Amino acid sequence: MMKRYSISAAIKTAFGVGALSLALIGCNGSDGKDGEDGKPGEIAIDINSATAVQTQVEQASYDETSKTLSFEFSLTNPNGVAVTGLETLTDPLRIAFGRMGTRTEAFTPFSLEDGTQVTARADGNEQIWLSYRNTTKNGVPMTGTNNWRPTRDCPENETCLEYLGQGKYKITAPNIIDTNGLDYDYDANQIQGIYVMTYGVGQNKLKNVEAYYWDPLTQQSVSSPKKVVEMETCTNCHVGQDHIRHGNYGNTADGCGFCHTDYTVYSGSGVDGEGNTVEFNFDGSTKGLIHGIHSGLTEGDRRELGKFSSVIANPAKNPAFAYEFDGAALDSEGNPKAELNFPTSTADCQSCHVSYTETEETLPEDLTTHALAWFADKDVVSCQSCHGDYHYGNRTEVIGEDTVLVGCVACHSSSDGNTRGGAFRHFAGHEKDSREAASQAGTLVDASYSQINWDEATSTLTFTMNLMKGEDAVTSDYVPRVTLYVNAIDAVSPDAFLAGRTSGSASVNEDGSYTVTVDGSNGGYGLPSLAEAINNGADLAITSSFSTCFSNKTSTLSALDTESNCTGVLSPNAAKTEFVKLDGTQGSERASAVDYENCASCHNNDMVARKGAAHYRNADIHTCAQCHEAGDYNSMIVRVHGTFGKAHGREDVQSLVSSANCSACHSDSNFGLENARSTPMRWNRKDDTFSSPQAGVCASCHVSSSYDIGGGQDSAKSHIESMGGVVAGSYEEAMLNSESCLTCHSTDKVAELHKQD
């Protein structure tokens, strides 16, 4: 039966007019003189209705005569639809303005603590970003950028924010340059730049940022003139821009430099050991802040590094770190006052900087040559942002009529063939004419396994292990002890370790190799035994952990003394897991839903994961799983997702990366339940409980005190169990489950509910 629709009177009228017009045309008649077509109406949405906005600056210029900056930009939603109404809002935009220049232009004479008047810096010709709008705070000059605002800074009776139509706007900013006493002005020979911030605009408080650079001589836009790091190096650990300080500005690698210029100085105060208030100034540049903040590790082994307490954490030498950045300062008993704040090595420069390269040709495409300066040591005070006033950091030389600060670069310079650079000292094995970080040299040692033998009658596994540093054998003369774990993996479906973690013992052979013996008869931790798995045809997973002794500041092996102590530097060594078959050939590798590179981008090569010590250096996800899957600790999912407030469930970690952000650890769609393992997941080592595979993934967050939002912990557990899942049962119960979580909770649904892009 045909559906009937009602037609409004207005539409009927339109139909009637149309029919009449057709009739006239059909009779060669005319309805009068044809007029011009009207302009199409503007297709746009009001700023208060928009849920997201983006800006695009189309052109910018500065008029030296009128001292006015002007630029035009479009404002659209992500679909490209024009957004109107910006000019009606109060304080919708903030604008930073600056140019490239040199340190000399921004230099202000200052006095050292001993009264020496410094009148120049040895790195004065080095290019930096200069802000056209410097500001003063607490009596300290140059504490950042005083952003220009169209509503606050626009002269009376003038229009500084104008709507041009079709989603386009124009900014006119007269007298915008105010360098706050520094002796530089507009320079048409330098690259200019603006940073435009839509600052909580409209009813939905929308934020967006954009940097735009141009060459005044051509009036053409150009790429960022000074880009030292890629933003991804920050957001690998600070997952999402909102997890960086000033997230409300929408952080970008360009944006930070507009305010945190190389000459920015901040003031601070702290209380010394005697209760006295200490006032101090510190480096407020992007470099200075990042170096100072990221020096703040709290693990005991980091604090035992040479000069850590006497230099980095010494309030007298480095007050900025001691008072401002060390969020876990030690108490009177030498214990951290707070939780671990940074899961990376203090000296791992490559956590932020590009992988080591000496040439412009090998830089990432979007970085400028300034990115090479981190090892070229062209900054006289760069080292001091971590090392404080240490080792002639305030060294001066009299050159002509100037007293010049030469600081670190007096010795640490990679220029003019001198490769005794400070950056080289943070690495090992670089083969440069420079000292090395012996603490890092352990990563140069590799382990291999051969002559594997399985005695089924005695459930004994034996094999030979060789440790090598290049072509040099690393024998027990350099290694005080070795720890080994052996497990089994299904050769056909290798998605989880099959047995309880099994330890092996190593004995030294005459040729310097080790014979490893493993008793596979004991299951342990409520899991099947290694022997049972091997007899059923499983492959092997072998993990070794050891430390090697090196001479201080080198990667040269150093023999242990007569009491097996290392008089040099004891460096933790590789702990990667090798998968082999009993015949010594390559075995099936354990499948993992997690991309270990995502983990290592934050935890770096030390896999710093707890207070007290780094876990392993140069590890992999399989090494972690040797304990956090088949051992006496919580499963990896349970531990990392944050059940019972552990790992990423902790408040200090959540400020960096939320466990609800699947892509922080997982790549692509590997967080989907179809990637859940096929064997039970250890739930709690204290009562030998296990969860079924799919249930464990969900329960690790939702049946957790860390994520008990609105009293939903018990209801989530009941829901999982009603769907056949096991949350905290025996191994047998979890193995025989009939869970059906995947029926409803597909990958797409999980992504949607967790707001994954």
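**Confidence**

Colour the protein by pLDDT. The mean is 84, and 86% of the residues reach 70 or more. Now select residues 1–27, where pLDDT stays under 50. The model has five contacts for this stretch beyond four places in sequence. Where pLDDT is low, the predicted coordinates should not be read in detail.

**Helix H12**

Select residues 596–603, which form helix H12. Which of its residues are buried? They are Tyr596, Asn598, Cys599, Cys602 and His603. These residues lie on the same side of H12, because the arc they cover around the axis is only 160°. An α-helix has 3.6 residues a turn, so residues three or four places apart point the same way.

Aspartate 595 caps the N-terminal end, with a side-chain oxygen 3.0 Å from the backbone nitrogen of glutamate 597. Just after the helix comes asparagine 604, with a positive phi of about 50°.

Most residues other than glycine have a negative phi, and most peptide bonds are trans.

Go to asparagine 157, in the loop between helix H2 (150–153) and strand E10 (161–165). Its phi is positive, about 70°, although the residue is not a glycine. Is asparagine 157 buried or exposed? Asparagine 157 counts as exposed because its relative accessibility is 79%, and the cut-off for exposed is over 50%.

Then select glutamate 431, in the loop between strand E18 (402–405) and strand E19 (446–455). Glutamate 431 has a positive phi too, near 60°. With 77% relative accessibility, glutamate 431 also counts as exposed.

**A buried lysine**

Select lysine 227, in the loop between strand E14 (220–222) and helix H3 (231–235). Lysine 227 has a relative accessibility of 18% and therefore counts as buried, since buried means under 20%. What does lysine 227 touch, leaving aside residues up to four places away in sequence? Show Ala253, Asp366, Leu367, Thr368 and Ala371 to see these contacts.

**Aromatic rings**

Display the side chains of Phe, Tyr and Trp. A pair of aromatic rings is described by the distance of the centres and the angle of the planes. The count for this model comes to 21 aromatic pairs.

One of them joins phenylalanine 71 and phenylalanine 73, a tilted pair with centres 6.0 Å apart and 40° between the planes. Phenylalanine 71, at 0% relative accessibility, counts as buried; phenylalanine 73, at 1%, counts as buried as well.

Move to tyrosine 163 and tyrosine 169. Their pair is tilted, with 4.8 Å from centre to centre and 55° between the planes. Tyrosine 163 counts as partly exposed, at 23% relative accessibility, whereas tyrosine 169 is buried, at 0%.

Now select Tyr62, Phe97, Tyr132, Tyr186, Tyr212 and Trp214 together. Ring pairs link these residues into a cluster.

**Arginines over rings**

Two stops remain. Select arginine 94 and tyrosine 199: the arginine lies over the face of the tyrosine, 3.6 Å from the ring centre. Finish with arginine 590 and phenylalanine 497. Here the charged end of arginine 590 sits over the phenylalanine ring, 5.6 Å from its centre.

Notes: Residues numbered from 1 in each chain as written. Predicted model: local features only at pLDDT ≥ 70, side-chain atom pairs only at ≥ 80, totals over all residues. Heavy atoms only, no water. Buried < 20%, exposed > 50% of the residue type's maximum accessible area, 1.4 Å probe, protein only. Helix = DSSP H or I, 4+ residues; strand = E, 2+ residues; numbered from the N terminus. Arc of directions from axis to C-beta. Polar contact = N/O pair within 3.5 Å; in protein donor to acceptor, adjacent residues only side chain to side chain. Phe/Tyr/Trp six-rings, centres within 6.5 Å; stacked < 30°, edge-to-face > 60°. Lys NZ or Arg CZ within 6 Å of the ring centre and 35° of its normal. pLDDT = per-residue confidence, 0-100. Contact = heavy atoms within 4.5 Å.
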